[in-house]
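Here is a friendly walk through one structure. Have your viewer ready and follow along from strands to loop to surface.

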Amino acid sequence: RPGSEPVHEFLVNRSTLGATDTSLFVSSQLSSRWSVSVLGGGHWQERNDRNGDGWADLAGYTRGIARPRFFWDGGGGRTAFLTGGFTYEDREGGTLPGSVLPATGAPYIEALDTRRYDLGGSFQFLVRKRYVVTARASASSAYHNHRFGEVRERDHHDLLFTELAIRGSAGRHTWVAGVAAERDAYRPRDVPRFEYTYTTPGVFLQDDIVIAPWFSLSASARADF
């Protein structure tokens, strides 16, 4: 979370095995209520054959990431948080250029391309200055392109999550109750027999009871369908 002073950090790393990493982090307050932080990076790895057999012991990859985060404080117990991000990565291993598999006499590529996007946030406020209500949700979507020699497998994976909870206190009790739902969907383009969709709603309840200053009990229950 951004503090009163802006932060600007930049990191560069290089390894003897051909890896390069660059990362940038900045954070700052935009106003009395809003602040922001951003993390970004670029990462590279050269394909590396350590034992000289023509096979990549370290796969080569190129990856870029970015993640901004926004924070809001409205006073009176009202706060909000929003974040998003993406990851782009192309990864390739297998035989090196000019090399072949001894068993087949042909080159063999193992590769994975990934595209991932996500968005999430939360919101909190007070009701009658006694109860704290929180709502949060997130969504992510990932696309994969696998290559195993001449075989290609492409898929799409989506995940959605939402939760609404309320908490309060009464005497020696501090309780939380809420509902949640999750949806998990997998869509393999080239092997559709593995396709699935799971939708899981749930409810939960927890109560913390203070018996004595040195002793408390906690009871909770949850049901998912």
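## A pair of strands

Strands E8 (residues 151–170) and E9 (residues 173–188) run antiparallel and are joined by 16 bridges. Within this pairing, Ala165 stands opposite Gly178 in E9. Strands here are DSSP runs (E, at least two residues), numbered from the N terminus, and two of them pair if DSSP finds at least two bridges between them.

This is a predicted model, in which local features need pLDDT of at least 70 and side-chain atom pairs count only at pLDDT 80 or more, while totals for chains, interfaces and linings use all residues. Residues are numbered from 1 along each chain as its sequence is written, and side-chain values use heavy atoms, leaving out hydrogens and water.

## The whole sheet

The open sheet holds 11 strands with antiparallel pairing, in the order E1-E2-E3-E4-E5-E6-E7-E8-E9-E10-E11. At its edges are E1 (7–14) and E11 (215–224), each pairing on one side only.

## A loop residue

Ala56 sits in the loop between strand E3 (34–45) and strand E4 (60–75). Ala56 counts as buried because its relative accessibility is 7%; buried means under 20% relative accessible area and exposed over 50%, with partly exposed in between (1.4 Å probe, protein chains only).

Leaving aside residues up to four places away in sequence, Ala56 touches Arg47, Asn48, Gly93, Gly94 and Leu96, where contact means heavy atoms within 4.5 Å. Ala56 and Leu96 are 40 residues apart in sequence, yet 6.3 Å apart in space, C-alpha to C-alpha.

## An exposed leucine

Leu119 belongs to strand E6 (residues 109–127). With 51% relative accessibility, Leu119 counts as exposed.

Note on methods:
Helices (H or I, at least four residues) and strands (E, at least two) are DSSP runs, numbered from the N terminus.
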